[in-house]
Amino acid sequence: MKSERINSELAALLAKVYVIAKKNDDFQRRTGSAFNVFNICGIDHYETKHSAILAALLDPFGTHGLGPEFLRSFLENVAHERGCGVTQSATVRTEVSVNSADSASAGNDSRIDILIEDPESKLCVAVESKIFAVEQPKQLERYRSWLSRERVGFRRILLFLTLDGRGPGTDSENLGDGVRTQCASWRNDVVPWLHACARLAFDRPFVRESLLQYANLINLISGGSTMNDEQKLEIVETATANASSLRGAVELFKHKDAIYNHVAVKIAMDLKARLSSNDDWDFCDYCREPYGQKDTFILLKHVKSGVLVKIAPEHKELLGFFIGFDNSDTGRFTDDVRKRFSGMPGWAQTEWWPGWKSLPRAILNWDGDFLADYLDGDKRHVLDLLLEEIKAIQSLMPQ
């Protein structure tokens, strides 16, 4: 009896929250607030594009016309470098090579995403920006070494910027080399900074609206909400109306991972059913907890060659899905596969991955809205796009 009452209370809470969310969707359609040129242009998962936008905003001589105001605010509120006193000598560059003679001869190409330097105030900040990808082995250590070696006498900061503000996996934050590693989050640090910049640009409508649209895009790709404050408050008040609703909200929050996993596995099983009559592919396996996994969600095998193909998210929260194969997947065909996929539009290669590419934007991020749409009947669209990617790979596979 108690469980029935709890289930009933949860259902009532969910129904109320859905009404508020639906109201927000209707509001965005009426006002056009969901329109976002950054999202339309498809830059959401391209780290180099985000670095270019960020650098343009930070540039004291940028077309935004605010001089060093954005840069000063960024250093204080994102890099936590208080009272830095940015001068007219400050510069902002992207894709700055930090290759030593040894690394260049070995074929390694290390580039800092954004390098902020002020020779007059002796400040140097290297920004390594990650959207969905993880850092390469010893990547940040190479940047620290370069800062330590090439910028002696500067206050040196290595800013590791990720969606959730996680720490680097391959680098110590305190190596005693005079370089401070500072972690920051696109959602929790950059978005508030963008809103602060929009206030600074109150008399520049083009700049202000661009900043707000970019902040909305970052919110979307990091799993945040685009609701206005009034609707957020309405959800909060609904969830805290009484002890039962609050307990229900807390329980739902605790089980978010399991809820997302459950729907994601439905997609895997539906894909398996669609491939059951396909003689070219075998559905090998799937991860039963894809929300927290870091390697493979769905594993397929090309029947003729035996090459394995992975479908997986770059980010643990089912964000940034890609398709590809690593050296262990391709077996004796590794060199052949590398040649076949070299230079293919959208495909990339690393030492370990002979080929990988991000899935189309429509199926890139499996957030709550995406999974809800799938449950609501948007199945054929998702599966068709996945099968299109699989079919495109098939034409390049060794026979």
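In the predicted model, strand 7 (residues 298–302) and strand 8 (residues 308–315) pair in the antiparallel sense over four bridges; pairing requires at least two DSSP bridges between two strands. Strands (E, at least two residues) and helices (H or I, at least four) are DSSP runs numbered from the N terminus. Leucine 299 lies opposite lysine 310 of strand 8.

An open sheet is formed by five strands in the order 6-7-8-9-10, with antiparallel pairing. Strand 6 (281–286) and strand 10 (355–358) are at the edges with a single partner strand each, so one side of each lacks a neighbour in the sheet. From one strand to the next the twist averages 25°. Helix 15 (residues 379–394) packs on this sheet and touches strand 6, strand 7, strand 8, strand 9 (319–325) and strand 10; its direction makes about 25° with that of strand 9. Contact denotes heavy atoms within 4.5 Å. Axes are lines fitted to C-alpha atoms, for helices over the stretch in contact, with angles from 0 to 180 degrees between N-to-C directions.

Residues are numbered from 1 along each chain as its sequence is written, and side-chain values use heavy atoms, without hydrogens and water. Local features need pLDDT of at least 70 and side-chain atom pairs count only at pLDDT 80 or more, whereas totals for chains, interfaces and linings use all residues.
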